[in-house]
Amino acid sequence: MSLSHLSSSGGGGGGSPSSPGKLKTEKHHSHNPRLLLLRLKNHSSYSKLTLYSLFGVAALFLTLFFLSPSSSSNSIASYSSYSSYSSSFRRSLRTSSSSSWGGSEWEKKVRSSARVRRADGLSVLVTGAAGFVGTHVSLALKRRGDGVLGLDSFNDYYDPSLKRSRQSLLDRAGVFVVEGDINDSPLLRKLLDVVPFSHVAHLAAQAGVRYAMKNPSSYVHSNIAGLVSLLEAAKSAEPQPAVVWASSSSVYGLNTRVPFSEAHRTDRPASLYAATKKAGEEIAHTYNHIYGLSITALRFFTVYGPWGRPDMAYYFFTKDILKGKPITVFQAPDGSSVARDFTYIDDIVHGLLAALDTAEKSTGLRGKKQGPAQLRVYNLGNTSPVPVTELVSILERLLKVKANKKVVNMPANGDVQFTHANISLAQRELGYHPTTDLKTGLKKFVKWYLDYYNPITYKTSRSSSS
Ligand SMILES: O=C(O)[C@H]1O[C@H](OP(=O)(O)OP(=O)(O)OC[C@H]2O[C@@H](n3ccc(=O)[nH]c3=O)[C@H](O)[C@@H]2O)[C@H](O)[C@@H](O)[C@H]1O
């Protein structure tokens with residue numbers, strides 16, 4: 001239903017609703033190929049060229065359609081495969097080639113991973129489960145006895161071997177991670193069909209503020225198309241799960257009022273990344289309004305910690321400082337500091353679990369809203385911004401290595417000068433109380449980093465120093 005709706009809106013979307021007569025005429029011609037041909041014959045060679053181009057585009061479309069992997073199955077699956085196939089042309093990120101799903105053994109693993117093992121426990125589908133936040137959230141849920149099933153595309157935005165290591169960790173804890181893209185609608189439908197999930201923790205996303213200038217389509221693919229694909233599956237599922245998903249502090253964009261409150265304006269994003277997260281919040285509103293999906297957006301503030309993301313500054317600063325390579329530290333054009341409300345991963349996990357625990361049920365049935373549903377937005381930050389120069393000093397002390405710093409003016413690449421969360425709403429409604437300051441959190445990160453990348457040297461030095 002959803003896809004046919006998309007197709008029809010694609011066909012009719014070109015006409016202006018304020019000019020119904022015009023729309024009617026265009027429709028008539030477009031549905032009468034003989035008339036179209038006659039009219040074109042009477043035109044100049046330019047028109048012939050246009051006609052050949054049209055046939056060319058149609059032929060290309062059909063070729064791609066029939067080349068798509070599941071063109072022999074039903075039309076919805078074919079459309080979906082075509083979408084992901086064509087979008088793979090636009091994206092440079094690669095996903096695992098070994099992804100396959102289905103079959104009774106696979107279903108058994110899915111069910112077993114999602115089985116709830118405590119009274120009144122949740123059953124949660126975690127998208128982006130092999131990602132930084134996804135891994136920590138999956139492990140925490142599993143530890144409580146909740147049912148957890150992971151989904152991850154294992155794309156190569158950053159070193160996929162780190163994602164594989166996180167997957168091994170999850171595997172040992174009894175969390176099965178299905179390999180697949182959130183844009184794969186048949187897969188999502190299958191998962192929600194096999195398990196009646198009570199919740200979805202939607203953490204799969206294209207992250208990173210500056211990378212959006214290099215690969216903009218990957219943000220549209222994951223943060224917009226992927227979110228819609230997920231909400232489509234959720235709204236049609238029975239029962240409809242409650243959805244808790246990762247928005248971002250970046251939605252505050254050029255907002256200068258501090259600390260950032262959920263009541264402040266978020267209509268001036270400074271990066272495409274921020275714009276896609278803001279778009280996600282609006283899309284969430286629509287699915288809540290039309291289909292009765294219970295949806296909670298969590299605006300994360302620069303999350304860091306063990307098993308983190310190598311594209312983030314604290315992570316690659318650590319790597320470069322240890323290698324003696326120069327690091328580039330941004331400052332504002334007036335020479336003042338750039339600062340972030342760095343938030344430790346364990347605090348984020350507590351906030352996210354509280355959001356899952358307090359999420360009300362969705363109200364839709366068979367894709368139709370039966371009553372008003374919960375729609376929430378919370379800041380999850382630390383409420384104590386730290387200058388990036390201070391972040392570097394802490395790392396220098398922990399690593400016992402002096403950084404080779406190059407201080408430059410912050411380039412115009414989507415960054416904002418500072419972030420600072422007001423967390424009163426999350427405190428009040430989720431009982432969210434972050435407890436880890438940057439120094440303590442970075443100490444844990446550095447310990448993990450040294451252990452992960454240099455286990456032998458690190459363990460030897462630890463045993464000789466103790
Ligand atoms: O809260 C978010 O919503 C986002 O948080 C994170 O973005 P940021 O806060 O920009 O983190 P990060 O890149 O680590 O830069 C940290 C600081 O180092 C400065 N920075 C950065 C690079 C560099 O070379 N030099 C430098 O000084 C830089 O100017 C900044 O002040 C997530 O990546 C993003 O996915 C999203 O979740």
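Predicted model: local features only at pLDDT ≥ 70, side-chain atom pairs only at ≥ 80, totals over all residues.
I started with Phe300 and looked up what it touches beyond four places away in sequence: Val133, Leu203, Ala246, Ser247, Ser248, Ser249, Ile348, Leu352 and Leu380. Contact here means heavy atoms within 4.5 Å. Residues are numbered from 1 along each chain as its sequence is written, and side-chain values use heavy atoms, with hydrogens and water left out.

**The cores**

Next I looked up the largest nonpolar core, which has 77 residues. Val133, Phe300, Tyr314, Leu352, Leu391 and Leu442 have the most contacts inside it. Helix 13 (residues 345-358) gives the largest share of this core, 8 residues. Another core lies apart from it, with 33 residues, including Leu149, Val194, Phe197 and Ala297. For my own reference, a nonpolar core is a set of buried Ala, Val, Leu, Ile, Met, Phe, Trp, Tyr and Cys residues joined through side-chain atoms within 4.5 Å. Buried means under 20% relative accessible area, exposed over 50%, and partly exposed in between (1.4 Å probe, protein chains only). In soluble globular proteins, nonpolar side chains tend to be buried together.

**The whole chain**

I then checked the overall tally: 17 helices and 13 strands. These are DSSP runs numbered from the N terminus (helices H or I, at least four residues; strands E, at least two). Of the 466 residues in the chain, 49% are buried. Among contacts between residues at least 6 apart in sequence, 80% join residues at least 24 apart.

**Helix 6 against helix 9**

How do helix 6 and helix 9 pack? I found an angle of about 60° between helix 6 (residues 104-114) and helix 9 (residues 185-194), with axes 10 Å apart. That angle makes helix 6 oblique to helix 9. On the helix 6 side the contact is made by Trp106, Glu107, Val110 and Arg111, and on the helix 9 side by Leu187, Lys190, Leu191 and Val194. Val194 is also one of the residues of the 33-residue core.

Glu429 sits in helix 15 (residues 424-430). Its relative accessibility is 43%, so I logged Glu429 as partly exposed. Leaving aside neighbours within four places in sequence, Glu429 is in contact with Thr358 and Tyr378.

Gln417 is in the loop between strand 13 (404-409) and helix 15. With a relative accessible area of 30%, Gln417 is partly exposed too. Beyond four places in sequence, Gln417 touches Ala332, Ser336, Ser337, Val338, Ala339, Arg340 and Met410. I also checked Gln417 against Thr436: they are 19 residues apart in sequence and 23 Å apart in space, C-alpha to C-alpha.

Which peptide bond to Pro239 did I find to be cis? The bond from Glu238 is cis, with omega near 0°, and Pro239 lies in the loop between helix 10 (216-236) and strand 5 (242-248). A cis peptide bond also joins Val258 and Pro259, with omega about -10°. Pro259 is in the loop between strand 5 and helix 11 (272-291).

Asp120 has a positive phi of about 55° although it is not a glycine. Asp120 is in the loop between helix 6 and strand 1 (123-127). Is Asp120 buried or exposed? At 75% relative accessibility, Asp120 counts as exposed.

Thr302 has a positive phi too, near 35°, and lies in the loop between strand 6 (295-300) and strand 7 (303-304). At 18% relative accessibility, I noted Thr302 as buried.

Conventions:
Axes fitted to C-alpha atoms, helices over the stretch in contact; angles between N-to-C directions. Parallel < 35°, antiparallel > 145°, perpendicular 65-115°, else oblique.
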